[in-house]
Amino acid sequence: MSVFFGVDYYPEHWARDRWETDAKLMQEMGLNIVRMGEFSWAKFEPGEGEFHFEWLDEAIALLAGHGIKTLIGTPTAAPPAWIIEKDPDILPVDSQGQQKGFGGRHHDCQSNVKYREHIRRLVTAMAEHYKDNENVVGWQIDNELGNSHEDLCMCDSCRHAFQQWLKKKYGSIENLNKEWGTVFWSQDYDKFSQIPAPKVTPTMHNPSLLLDWKRFCSDLVVDFQKLQVDIIKSICPHQPVTHNLMGLYDKTDYFDLASDLDFASNDQYPTGYYFTPPGQPSYEISACLDFIRSVKKKNFWMMELESGPTGGAFIGRMPRPGQLRLWTLHCIAHGSDTIVYFRWRTCLFGTEQFWHGILPHNGVPGRRYQELKDTVAEMVPVLKDIQGIVPKAEAAILFSYDQNNAIKIQPHHPELDYIEQVKKYYDSFYERNIPLDFISETEDFQDYKLVIAPLQFLMDAALEDKLMEYVKKGGRLVLTMRTGVKNRNNVCMGDMPLPGRLGGMLGIKIEDYDCPLGLTVKLEWTGTGIKDPGQEGVADKWCDIVTLGDAKPLAFYRSEYYKDTPAVTVNSYGAGKAYYVATEPDKHILGQLAELLREEAGLESLGESPKDVELTLRKGRARDYLFAINHTDCGQEVRIDRMWKRLDGCRENAFVVGGYGVNIYTRQSDAGQ
Ligand SMILES: [Zn+2]
């Protein structure tokens, strides 16, 4: 099995006589794969049906001479000017009804039939041309699907496709009217052709229409990708197909999108200038990496890993010495088996001329090149041992794009955000070095000792049954505020007190609630079985007012008219336990809950470490590897069982990890014993 380290390379941006130097420098750095071609439609096809692959053939052959393989990106994220001139209705229309212009990228409507014809012609020609090229190891479809599509496309073609999608789902217009409650504000439809795309209106749209629109848009992107997957699979069945996802980005359902791929890939820019300085918090990056591994329960590629400051109009921070190695090892620790850095040399022109690569504008290797060269040499032997062995957690977070979309449509509190709440729960386990997977509703919960399911706003009988069955058989389940409020069509349920049928399992009833706008509601943790009971904290964004049935309280509100009523509860049900968190507690109370859950579910922690220093395990064939990753800029001590030995043999200060450092500890693997 080869271990791949590589870069995103754009030979078309550079003079032909530079290519040889680039290839040599890549080879000397230990790189053996490039991704090429993903924005080069105008070079591949300067006029309809006039194909020019010779420049890429030459680059592939030259790189192969230096032991470097190629993964080809299909360039459909940037349709050229001649296509837009010929078929201008390919340009997308925003929610104001305004058609967007040519320029930038993804100036395309993904339902447009003519656009799809152009894609079919180009991708078929590319697949035919490269099917027997032994230096081509696979394909990436398009680029970051869903990105650059902020309010998606609301053109006539998309509206028509939406109507067809609704017809398939609801069967008859009468049924749609009933399910959406269109009697409200005289929105009854006589026929599907009357239903709009959710363009700007004088007031809010029907929430049921908005949720179906989000689902439709996600399905459209999945279908758009599948067009290309099917072409490549039919012509080059031996070459794997992937797509570069973006962590917890939420425009498209990644479980669905990844289901058509051989493996998932991810793009990560930890200092991305769009994050609050100094960049993305470490727990959030870890959550993104665990999520990408989880969408296929399979190790993944990093297709774009930051290798220099990011930038457009503004420029992010320069990666500090050690950070490029840290990011590389961080990705590997969470299940990435291949690292491709973005990009080789910083481009002189175009939108991304300050989105820096490994080499600076002048092409002379410097500090970043040297650091990555050393990192590649260090990690190749480790990857040979661990490649393909998938990290598996004992606990999981249930992740749902449906819940995210429904909460986004009606967040209740202006700051309530589904993904932020997921990240808070993730962080409370991350801080304790307890690994987590993410699961979708369709997966088997029984594989996990603990399932955390935040904000299960939309509910149906099948999910209720699945959750109850899981607990009955011995699982530990955490449900939170606003569970069971609506049915799947985004309509409130009115036949039982909240949280509906799940109230029996949870041993509670919710007859009242409060959106505490502008209030700080006090909380007190009183739960037993933890080190330090009696902790105080605050509740935020929402307060369900709980009436206890059989459940036992673990925390109480200590202010407002619901003072001294329970805020966190637990109930035994069958062989398991069901927890209810009636608010969004602060970090302190969530930490108390995580401690209790660790004990109750018998979860293994990988050890204790200071804040922003994480311990992450990868199992190998010969050895296991424990990565102690210090995301801070100063040295930190970790507590690690002495059966683990430093991989580099260092005995002095064996348990001190330098600023932006990663120590790797090993022991013989279970398999090797
Ligand atoms: Zn459209």
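Axes here are lines fitted to C-alpha atoms, for helices over the stretch in contact, and angles run from 0 to 180 degrees between N-to-C directions. This is a predicted model, in which local features need pLDDT of at least 70, side-chain atom pairs count only at pLDDT 80 or more, and totals for chains, interfaces and linings use all residues. Residues are numbered from 1 along each chain as its sequence is written.

**Exercise 1.** Work out how helices α11 and α12 pack.

*Solution.* Start with the axes: those of α11 (residues 323-333) and α12 (residues 367-386) come within 9 Å and cross at roughly 25°. Helices are DSSP runs of H or I with at least four residues, strands are E runs of at least two, and both are numbered from the N terminus. Now classify the angle: α11 is roughly parallel to α12, because angles under 35 degrees count as roughly parallel. Next, list the contacts (C-beta atoms, placed from the backbone, within 7 Å). α11 contributes Leu324, Arg325, Thr328 and Ile332, while α12 brings Arg368, Glu371, Leu372, Thr375, Met379 and Leu383. Finally, sort these residues: five are nonpolar, two polar and three charged. In this scheme Ala, Val, Leu, Ile, Met, Phe, Trp, Tyr, Cys and Pro count as nonpolar, Asp, Glu, Lys and Arg as charged, and the others, Gly among them, as polar.

**Exercise 2.** Describe the protein chain as a whole, then its domains.

*Solution.* Begin with the inventory: 17 helices and 26 strands. Then take the extent: the C-alpha trace spans about 75 × 75 × 45 Å along its principal axes. Last, turn to the domains, whose bounds come from an automatic or database domain assignment. Domain 1 covers 395-601 and domain 2 covers 613-668; their C-alpha centres lie 34 Å apart.

Notes: Parallel < 35°, antiparallel > 145°, perpendicular 65-115°, else oblique. Contact = placed C-beta atoms within 7 Å.
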